[in-house]
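Work through the exercises below with the coordinates open. Each task is followed by a solution in steps.

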Amino acid sequence: MTVAGWSLTACGSSSGSGQSITLYNGQHEQTTDSLVAGFEKATGITVNVRNDDEDILADEIVTEGSSSPADVIYTENSPVLEYLQSKDLLAKVDPSALAHTPSKYSSPEGDWVGVSARVSVLIYNPGLIAKSQLPTTVLQLADPRYKGELAFAAGETDFQPIVTSVARTYGKTAALNWLDGIKTNSASHVYPDNETIADEVNRGAVAFGVVNQYYWYRMRAELGASNVDAKITFFAPYDPGYVLDVSGAAVLKSSKHQTDAQKFLDFIVSKKGQEIIAHSISFEYPIASGVTTAQPETPFDQLQPNSITIPELGDGTTAIALLKQAGLL
């Protein structure tokens, strides 16, 4: 997410109840706009949306405390929700909503529900580097042979789960050495976000980078296949760099509209809400209500990510500390 600000989504044709909730949205707006429109039409409840980076929204919620105007927070990644959960700021999700999503993709404590998923991949420009020359493991990103060829976004919350996965697998010292190697290899190609990585790789400014899969699919949809030179490939099956990220949503304990906020969560994990994700240009994987993506991408059940769990990914503090120690934040 790079666009911040307030926007009021138009209420659907069944509106008129005068009810409204406020959504702090750290998800991509393509996904959220479609879900909000569907929810408003189905319920008549207006959703006031604030868009910003998920980590910024989480910090604001902590600062606002019981005075937060937010009723719901919707994020790209689970660590942000785990962080808010650790601050005891989240209400329990209604069991009916939790039942829509496999339990391994939601909070073990029932404080937030998993909505969709994406997976980390390598995006590369075959004009600059052959697929056979790419790293097959995440540790190889620090190999000196890739100096000047690697791009990554150290400040992206999408990258933190990879750092956590590496640290849990190999230890913090090894993870820090790995980050130092990545810092050296990326040189001037440390970018602010995954969109920039995808664009720079596609135009041939850098050979390859690490992003989530949907950035490439979305770029291809927006630019047209003939205008996209970049390709994507996966790390080796179950490698610590091959991480499944879960996007989720939660209701704040401080919400004055608990019933309507819970209705929003129930909608986005219902079959209707998941079908919106399945057919949207977000190219994320729906993970609830048995819905599968309608988009032409690697099927969800064919992915082979690292087995790291939601609790093991934690609240991101380990990754942030390591990134700071490496001078990348």
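The model is predicted, with local features needing pLDDT of at least 70 and side-chain atom pairs counting only at pLDDT 80 or more, while totals for chains, interfaces and linings use all residues. Residues are numbered from 1 along each chain as its sequence is written, and side-chain values use heavy atoms, with hydrogens and water left out.

**Exercise 1.** Describe how α5 packs against α6.

Solution. Helices are DSSP runs (H or I, at least four residues) numbered from the N terminus. Take α5 as residues 160-170 and α6 as residues 172-186. Their axes come within 7 Å and cross at roughly 135°; axes are lines fitted to C-alpha atoms over the stretch in contact, and angles run from 0 to 180 degrees between N-to-C directions. That makes α5 oblique to α6, since angles under 35 degrees count as roughly parallel, over 145 as roughly antiparallel, 65 to 115 as roughly perpendicular and the rest as oblique.

Next, list the contacts (heavy atoms within 4.5 Å). Ile 162, Val 163, Val 166, Ala 167 and Tyr 170 of α5 meet Lys 172, Ala 174, Ala 175, Trp 178 and Leu 179 of α6. By class, this contact has nine nonpolar, no polar and one charged residues. Here Ala, Val, Leu, Ile, Met, Phe, Trp, Tyr, Cys and Pro count as nonpolar, Asp, Glu, Lys and Arg as charged, and the others, Gly among them, as polar.

**Exercise 2.** At what angle do the axes of α5 and α12 cross, and which residues make the contact?

Solution. The axes of α5 and α12 (residues 317-325) come within 8 Å and cross at roughly 90°. α5 is therefore roughly perpendicular to α12. On α5 the contact is made by Gln 160, Val 163, Thr 164 and Ala 167, and on α12 by Thr 318, Ala 319, Ile 320, Leu 322 and Leu 323. The classes are six nonpolar, three polar and no charged residues.

Definitions and conventions: Helices (H or I, at least four residues) and strands (E, at least two) are DSSP runs, numbered from the N terminus.
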